[in-house]
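Welcome, and please open the viewer.

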Amino acid sequence: QVQLVESGGGLVQAGGSLRLSCAASGRTFSRYAMGWFRQAPGKERECVAAISRSGGKTYYTDSVKGRFTISRDNAKNTVYLQMNSLKPDDTAVYYCAAAFLYPSDSYYYTENKYDYWGQGTQVTVSS
């Protein structure tokens, strides 16, 4: 069982930055690929970024490439999402998720592959 707790959301003006963190419980964090998803009102949940167990492979959806950076610290059981140059379209509830993917060092970007989810954190970008 893995418990995920997101933090770092909030209200920011367009062009600003936020850093989301997701702290995971348990001693096997390094056996999980991690992902950040978001869901805006009236829209389906989408994968924003994903990262492999080692951190060596990453994925970004096209709309955030060059602006968002996913990273992880396996010693701290934490995954991060650095969000720069934020736009009003980035407004959503952001969720982190974990997918058991040992021993493969890859990632998933479809939500049905993920085993555990956090409760979400609201990100609001004002124009």
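A word to start with: a residue is called buried when its relative accessible area is under 20%, exposed when that area is over 50%, and partly exposed in between, using a 1.4 Å probe and protein chains only. The model is predicted, so local features need pLDDT of at least 70 and side-chain atom pairs count only at pLDDT 80 or more, while totals for chains, interfaces and linings use all residues. Residues are numbered from 1 along each chain as its sequence is written, and side-chain values use heavy atoms, leaving out hydrogens and water.

**Stop 1: Asparagine 77**

Select asparagine 77, which is buried because its relative accessible area is 16%. Asparagine 77 sits in the loop between strand S7 (68-73) and strand S8 (78-83); helices (H or I, at least four residues) and strands (E, at least two) are DSSP runs, numbered from the N terminus. Although asparagine 77 is not a glycine, its phi is positive, at about 55°.

Now show what lies around asparagine 77. Leaving aside residues up to four places away in sequence, asparagine 77 touches Cys22, Ala23, Ala24, Ser25, Gly26 and Phe29, where contact means heavy atoms within 4.5 Å. A polar atom of the asparagine 77 side chain lies 2.6 Å from the backbone oxygen of glycine 26. A polar contact is a pair of N or O atoms within 3.5 Å; within protein, one must be able to donate a hydrogen and the other to accept it, and residues adjacent in sequence count only if both atoms are side-chain atoms.

For another positive phi in a residue other than glycine, go to serine 85, where phi is near 50°. Serine 85 is in the loop between S8 and S9 and counts as partly exposed because its relative accessibility is 40%.

**Stop 2: Strand S4 and its partners**

Next, select S4, where seven of the eight residues are buried. Which strands does S4 pair with? S4 and S9 run antiparallel and are joined by eight bridges, and five bridges join S4 to strand S5 (residues 46-51), again antiparallel. Two strands pair if DSSP finds at least two bridges between them.

To see individual positions, look at glycine 35, which stands opposite alanine 97 in S9, and at phenylalanine 37, which stands opposite cysteine 47 in S5. The hairpin of S4 and S5 has six residues between the strands, and glycine 42 there takes a positive phi near 80°.

**Stop 3: Rings facing rings**

Colour the aromatic residues. The whole structure holds eight aromatic pairs; rings of Phe, Tyr and Trp (its six-membered ring) pair if their centres lie within 6.5 Å, and planes under 30 degrees apart count as stacked, over 60 as edge-to-face and the rest as tilted. One of the pairs is tyrosine 32 with phenylalanine 100, edge-to-face at 5.4 Å centre to centre and 75° between the planes. This pair links distant parts of the chain, 68 residues apart: tyrosine 32 belongs to strand S4 (residues 32-39) and phenylalanine 100 to strand S9 (residues 92-100). Tyrosine 32 is buried, at 9% relative accessible area, whereas phenylalanine 100 is partly exposed, at 42%.

Then move to phenylalanine 37 and tyrosine 114, which are edge-to-face because their ring centres are 5.2 Å apart and their planes stand at 80°. Phenylalanine 37 is in S4, while tyrosine 114 is 77 residues away in the loop between S9 and strand S10 (116-117). Phenylalanine 37 is buried, at 1%, and so is tyrosine 114, at 6%.

**Stop 4: Nonpolar cores**

Which residues have the most contacts inside the largest nonpolar core? Select Leu4, Met34, Trp36, Leu81, Met83 and Tyr94 in this core of 30 residues. A nonpolar core is a set of buried Ala, Val, Leu, Ile, Met, Phe, Trp, Tyr and Cys residues joined through side-chain atoms within 4.5 Å.

**Last stop: Proline 103**

Finish at proline 103, in the loop between S9 and S10. A cis peptide bond joins tyrosine 102 and proline 103, with omega about 0°.
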